[in-house]
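Work through the exercises below with the model open beside you. Each task is followed by a solution in steps.

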Amino acid sequence: MPLPSRLSADTYTEGIRNGDRLMLSRAITLIESTLPRDQMLAAEVIRNCLPYTGKSYRIGITGIPGVGKSTFIDGFGSFLLSQGYRLAVLAVDPSSTRSGGSILGDKTRMEKLSASPNAFIRPSPTSGNPGGVARNTREVMLLCEAAGYEIIMVETVGVGQSEISVSGMVDFFLLLLMPNAGDELQGIKRGIMELADGLVIHKADGLMVSAARQAMAVFTQAVKLFHHDLPEWQPALKTCSSLTGEGYAEVQDMLFLYRKVATARGFWEQKRNMQASQWLDEAIQQQLLEAFYTDPAIVNKLEKLRTEVVASKISPIEAANILLKESKNH
C-alpha cells in the first residue's frame, strides 16, 4: 500500500529518530518544497528535531574540478565507516538551467557509500542558489544529525561563492589539492586557502608520489602566510590516495585534533553560535525577498517598471525605490 504524500510532523520525526533513511529522504523532500503548506509542515518537523541536533561533526569539502572530491568522499567516508561512524553526505549538484534538476548525480559516483546501511547520501540541486550550495543545506544537516549521523560531509559545487557559503555552515573546511603544485597555486585564489582549516593533496599515488611531495613543500610554505581564526591552530597539510587508501588515517587524525583544540579553546561553540546567528540573518533576507516578489502590488507594477527600465525611460534605482515604497504601503 503506497504511503500518503504527506504525513504528520510527529510521524516524520519518529522515523528520522529511528534512523529510517526513507523517512529522512521524504522529510528532506518536504523541506525542499516551495509550497506554503509543505514549508509549514517542514518547520514543525525541524522544530521537533532540534533537541537532537548539534552533536555531529560538520565537514565541508571543496577543490577545483578534477581533484576527485566525490572519489575522496567515497573512499575516506568508507574508511570512517570502518571506524564505526555513521556518515551523511550532502552532495550538492549544479542545476540545469532548463529543468532545474541535478546534472552530475554524485550518488552514482559514490558506489561504496551507496551500498552501506550506515551511510546516507543526498544529492541536491542548487536550484540556481548563488552560493553554490542547496538552499536548504543547513536544515538538511539538522535532520541528518537528528537521525544519528555523527559525521556530515558537504561537497561544494566548487564554483564562485560556494566555498564561502559552505565554510560558513561547517565546523571544518577541507580543501583538496592536486599533486602538481605549480599549476595548482596559479589556479587557487588566496581567499579559498584562507578559508581552509586543513588541506589534503589528493591522488598522491603512482607516478604522482614525487609531485605530491613537491606540492607538500610548496603548500607548507604557502600556508604559513595565513592566520587562522583559531590562533592555536595552523592549517594542517596532508597527502592521501583514494586509489590505495594511504593517508586516510592521517586525515582523520587531523580532523579530530582540530576538534579537540577548538573545543578546548571554546572556539567550537563560538563558531557554531556565530553560524546560527548568520543563518538567522540569511533567513530573514530570504523571506523578505520572497514576501516582496509575491506581493500582489509589486507583481502588478514590476513588469511595467521593468519595461520602462529596459527602454531607458526610468533608471533601475528609481524603479526600485518606487517598488520599495509600494511594498512599505502594504
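**Exercise 1. Find the salt bridge that E303 forms, and state where its two residues lie.**

Solution. This is a predicted model, and the distances below are computed from it.

Step 1. The partner of E303 is R306, with the closest N and O atoms 3.4 Å apart. A salt bridge requires a side-chain nitrogen of Lys or Arg within 4 Å of a carboxyl oxygen of Asp or Glu, so the pair qualifies.

Step 2. Both residues belong to helix α13, which spans residues 296–310. They are 3 residues apart, about one turn of the helix.

Step 3. E303 has 46% relative accessibility and counts as partly exposed. R306 is also partly exposed, at 42%.

**Exercise 2. Describe the salt bridge between E308 and K304, and decide for each residue whether it is buried, partly exposed or exposed.**

Solution. Step 1. The N to O distance between these side chains is 2.8 Å.

Step 1. E308 and K304 both lie in helix α13, 4 residues apart, which is about one turn of the helix.

Step 2. Exposed means over 50% relative accessible area and buried means under 20%. K304 has 53% and is therefore exposed, whereas E308 has 22% and is partly exposed.

**Exercise 3. The structure holds 9 salt bridges. Take the one between D197 and K271 and work out which parts of the chain it ties together.**

Solution. Step 1. The closest N and O atoms of D197 and K271 are 3.8 Å apart.

Step 1. D197 has a relative accessible area of 3% and is buried. K271, at 13%, counts as buried as well.

**Exercise 4. Trace the pairing of strand β6 on both of its sides, and say how its faces are covered.**

Solution. Step 1. β6 pairs with β5 in the parallel sense over 4 bridges. In this pairing, G198 of β6 is the bridge partner of L174.

Step 1. β6 is also joined to strand β7 (residues 236–239) by 4 bridges, and these two strands run parallel. Here V200 stands opposite K238 in β7.

Step 2. In a regular strand the side chains alternate between the two faces of the sheet. In β6, G198 and V200 are on one side and L199 and I201 on the other, and all are buried.

**Exercise 5. Identify the residues with the most contacts inside the largest nonpolar core, and say which element supplies its largest share.**

Solution. Step 1. The core has 37 residues, and those with the most contacts inside it are Y57, F72, L113, M153 and Y258.

Step 1. Elements that each supply at least two residues of this core include β1, β4, β5, α11 (248–264) and α12. The largest share, 8 residues, comes from α11.

Step 2. Take F72 as an example. Leaving aside its neighbours within four places in sequence, its contacts include I61, L174, L176, Y248 and V251.

Step 3. A second, separate core has 32 residues, among them L41, C49, V140 and C144.

Definitions and conventions:
Residues numbered from 1 in each chain as written. Predicted model: local features only at pLDDT ≥ 70, side-chain atom pairs only at ≥ 80, totals over all residues. Heavy atoms only, no water. Buried < 20%, exposed > 50% of the residue type's maximum accessible area, 1.4 Å probe, protein only. Core = buried A, V, L, I, M, F, W, Y, C linked by side-chain atoms within 4.5 Å. Contact = heavy atoms within 4.5 Å. Pairing = 2+ DSSP bridges.
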